[in-house]
Amino acid sequence: MRALQLAGDRKLELVDLPAPPPPGEGEVQVAVKAVALNHLDLWGFRGMAFAKRKLPVVVGVEAAGEIAAVGPGTSRFKPGDKVVMYGAQTCGHCTACREGRDNLCENVTGIMGFHVDGFARDLLNTRERLTIPVPAGVSMRDAACAPIGFSTVEHMLFDNAKLKPGETILVQAGGSGIGTVAIRMAKAIGCTVITTVGDNEKAAKARALGADHVINYKTERFETITRKLTGKKGVDVVFEHVGGEGFNGSLLCLKRGGRLVTCGSTAGPSVQFNLMQLFQQQYKIFGSFGASMRNISDGLAKMANGLLPVIDMEVQLADFEQGLKRLESRAVFGKIVVHF
Ligand SMILES: [Zn+2]
């Protein structure tokens, strides 16, 4: 079977690997149909000195596919069922897993496609427990964006920041994969959305998605405009995943008692900020990573009801690297999906 492996920094190889054995006790076998790209793929592709992993590793951190075979002791699926897979091999036994918060698992073996073999292969065996059904009417292309893209945003907005209808939110980098989802999810519950983008073409696309106010952060100071738009009060929630120099600007956009939720640091992982500002303004800052199993089902249910991911580009497996390079160029608006 085909598998796409990372052999070294920036070195991808399409190889022929033996197909997996029939699924064992409690396992299902999935035929992968589509893989969606994430910044995590880019971090892995560039090489991360501190990440504990052995190369080569099969890439692909989120995917959708069809059940090819079911093992003994399973009951939820039959061959042909459409599914997505949780992006980490969690234990299922620890307190966090038992409470459905797999992203806090105490015994996780690593992120699939990054630390351990991922989804960019024709077939894989996985535990039934980590397999989530795709509702009727949702395409494999869209479903592939559920396990990380949609669920990360669900977890950030609703579990962590507790975004409520009618609130005002600043979505940083609204053209990114998760930024586009955040705009749609916030608009779907009746929030006012302010977003930042890096060029005018993306600004038009963000407006078309429903954003109420779009700021080109390259030509305008987003913190100044955001404060002006909110009558100097600030927003209820900031959706952050950029970090770097913009992080302090994001804090300045919050109203007193406002919530900032972050899941990324694409512009740099270290920032300095003023602790007096933090406690006097009573900001709440949430670090968010991954999602619960329920977040993935909730995201898929939203897709079934018409809240779809924005697709930037679709490529075949052989052009995976072309997709990564487009992600790296920041020209991307929405998600890049790789078909099998
Ligand atoms: Zn666990």
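Biologist: Which residue just after H11 takes a positive phi of about 65 degrees?

Modeller: That's arginine 330, which comes just after H11. Before we go on, remember that this is a predicted model: local features need pLDDT of at least 70, side-chain atom pairs count only at pLDDT 80 or more, and totals for chains, interfaces and linings use all residues. Residues are numbered from 1 along each chain as its sequence is written, and side-chain values use heavy atoms, with hydrogens and water left out.

Now for the helix itself. H11 covers residues 320-329; helices (H or I, at least four residues) and strands (E, at least two) are DSSP runs, numbered from the N terminus. Its buried residues are Phe320, Gly323, Leu324 and Leu327, where buried means under 20% relative accessible area, exposed over 50% and partly exposed in between (1.4 Å probe, protein chains only). These four cover an arc of only 100 degrees around the axis, so they sit on the same side of H11. The arc is taken from the directions that run from the helix axis to the C-beta atoms.

What does that side pack against? The buried residues of H11 pack against strands S1 (2-8), S2, S3, S15 (311-316) and S16 (335-339), along with helix H1 (39-46); contact here means heavy atoms within 4.5 Å.

Two of those neighbours, S1 and S2, belong to an open sheet of three strands in the order S2-S1-S4, with antiparallel pairing. Two strands pair if DSSP finds at least two bridges between them. S2 and S4 (57-58) are the edge strands, each pairing on one side only. Between S1 and S4 there are two bridges, in the antiparallel sense, and leucine 6 has valine 57 in S4 as its bridge partner.

Proline 23 is buried because its relative accessible area is 10%. Proline 23 and proline 72 are 49 residues apart in sequence, yet 7.9 Å apart in space, C-alpha to C-alpha. Not counting residues up to four places away in sequence, proline 23 touches Val28, Gln29, Ala69, Val70, Gly71, Pro72 and Asn125.

Ala69 and Val70, both touched by proline 23, lead us to strand S5 (residues 62-70), which runs antiparallel to S6 and is joined to S6 by three bridges. Glutamate 66 stands opposite lysine 82 in S6. Three bridges also join S6 to S8 (residues 131-133), again antiparallel, and there valine 84 stands opposite isoleucine 132 in S8.

Valine 84 turns up again in the largest nonpolar core, which has 48 residues; Val84 is one of those with the most contacts inside it. A nonpolar core is a set of buried Ala, Val, Leu, Ile, Met, Phe, Trp, Tyr and Cys residues joined through side-chain atoms within 4.5 Å. In soluble globular proteins, nonpolar side chains tend to be buried together. Helix H5 (residues 177-188) gives the most to this core, with six residues. Apart from it lies another core, of 32 residues, among them Val58, Val59, Met85 and Ala120.
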